[in-house]
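Welcome! Please take a look at the model below, and then we can walk through it together, from the whole chain down to single residues.

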Amino acid sequence: MLKKIHYSWFICAGCTLLFFCTGGLGMTGFSAYFPFMTTFNELKQTQISVLIFIRSLFGVFGMLFVNAFLRKFEIRRVVTAAMLVSALSFLTYGFTGNFAGYCAAAALAGIAYGFGSMIPVSILISRWFNEHQGLAIGICMAATGVSAFVASPIITWMVESISLRMSFIIEAVFVAAMAVVVWTLLRSMPSCLDLEPLGAEEGGKATKYAARTASKGLYMAMVIGFLILGAAANNLHSNLSVLYQSVGFDSSRISGVISMFGISLAIGKCACGQLSDKIGVFKACMILFVMSVAGCGMFCLARNGSMTMATIAVLLVGAGMSVASVATSTYAVDIATEEDYPGVVSKFQTMQTVGGLAFAILPGVLADMTGDYILAYEIMFAFVLISAIVIQGAYRKIRKEQSAEAAA
């Protein structure tokens with residue numbers, strides 16, 4: 001049976017584990033800790049936002065330098081090292097227990113994410129998959145959602161049953177163990193195992209990149225769109241737990257909301273890849289943007305205390321926000337040449353993180369000023385709407401230019 005499974009799917013499994021730890025436990029799923037950090041360590045909402053800011057800042061640094069490291073070192077080594085840094089981050093959270101230590105831990109988490117997330121995973125998938133590339137990327141990206149779904153109730157149970165400190169330490173051990181698994185599974189190129197990418201042996205077509213990279217003006221419009229999108233996407237999930245804490249939800253309901261967000265995010269990311277393969281990038285992303293805008297609007301109504309509305313909101317945004325992860329790769333394939341593809345993916349992902357960084361502190365500041373996170377989510381609602389118009393508009397113009405050139 002195993003002989004019939006192309007090794008590309010083991011690469012996908014390794015990338016999924018990588019994302020589960022660096023982008024999931026260290027980023028999306030980590031929000032389950034914030035209510036306990038404000039309760040046990042008496043952190044203010046502004047301090048929580050500072051931690052998110054620091055994490056995003058060092059994530060940007062990682063993304064800025066990851067391509068240089070990938071040119072110098074084997075990609076397998078780089079991502080395994082990123083996982084070990086993630087484990088060190090959790091150890092730092094566990095053994096410090098104060099705000100200064102948490103800042104250092106957040107910096108380590110950001111570095112791990114910058115070096116071990118979208119950019120190396122996109123490169124690995126593009127090397128190993130000629131077919132089913134959208135699905136493979138979707139599966140990898142879905143790990144962040146799975147982490148929130150799986151980890152949130154476990155984290156809540158561990159903190160309430162054992163302690164906050166031991167919960168961090170247990171996660172550190174788990175991530176270190178997964179680093180060994182990822183090192184074992186991953187290979188940097190199919191040629192390392194004398195293989196061809198999935199689909200090559202059946203005559204499948206390699207990924208069809210754009211004939212030329214999009215014109216500078218339209219390309220920059222998309223970059224700006226991803227910057228705006230990142231201001232919302234990187235902060236929507238990070239502040240979910242404290243949003244609902246600020247309007248009176250108890251820990252069990254908060255845990256349930258985060259879990260539902262996580263499973264929806266996982267499903268949405270898999271669906272995004274499949275939708276892009278089946279109906280095209282523009283239509284798939286339009287559906288996801290509409291879901292995101294609708295869900296963000298419902299977040300703004302959180303004061304009504306409705307668990308039903310909260311559940312619908314996280315289901316919509318969880319599925320829709322895959323446009324901020326999987327879609328960066330699918331957009332890049334259509335607007336860049338094969339040579340430019342890594343740089344374009346890197347720019348999209350980096351600018352999203354920069355956007356998240358620029359807005360990271362404001363939600364906590366606004367919450368301390370107003371008493372809850374509603375105003376912050378109203379602003380993020382506007383960001384998602386504006387980014388949808390900018391990104392989809394620029395992409396559609398790029399595709400029209402490409403069609404005109406092909407016809408000529």
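## A tour of the chain

The chain holds 17 helices and zero strands; here helices (H or I, at least four residues) and strands (E, at least two) are DSSP runs, numbered from the N terminus. Keep in mind that this is a predicted model, in which local features need pLDDT of at least 70, side-chain atom pairs count only at pLDDT 80 or more, and totals for chains, interfaces and linings use all residues. Residues are numbered from 1 along each chain as its sequence is written, and side-chain values use heavy atoms, with hydrogens and water left out.

Along the principal axes, the C-alpha atoms of the chain fill a box of roughly 60 × 45 × 35 Å.

Of the 408 residues in the chain, 57% are buried (under 20% relative accessible area, with a 1.4 Å probe and protein chains only). Among contacts with a separation of 6 or more, 86% join residues 24 or more positions apart; contact means heavy atoms within 4.5 Å.

The largest nonpolar core has 131 residues, a core being a set of buried Ala, Val, Leu, Ile, Met, Phe, Trp, Tyr and Cys residues joined through side-chain atoms within 4.5 Å. Leu236 and Phe299 are among the residues with the most contacts inside this core.

Helix 6 (residues 118-128) is mostly covered, with 10 of its 11 residues buried. Among them are Pro120, Ser122 and Trp128.

Thr92 belongs to helix 4 (residues 75-96). Is Thr92 buried or exposed? Thr92 counts as buried because its relative accessibility is 16%.

Finally, a helix pair. The axes of helix 1 (residues 8-28) and helix 5 (residues 99-115) come within 9 Å and cross at roughly 145 degrees. Axes are lines fitted to C-alpha atoms, for helices over the stretch in contact, and angles run from 0 to 180 degrees between N-to-C directions. Helix 1 makes this contact through Phe19, Thr22, Gly23, Gly26 and Met27, and helix 5 through Ala109, Ala112 and Tyr113.

Methods:
Buried means under 20% relative accessible area, exposed over 50%, partly exposed in between (1.4 Å probe, protein chains only).
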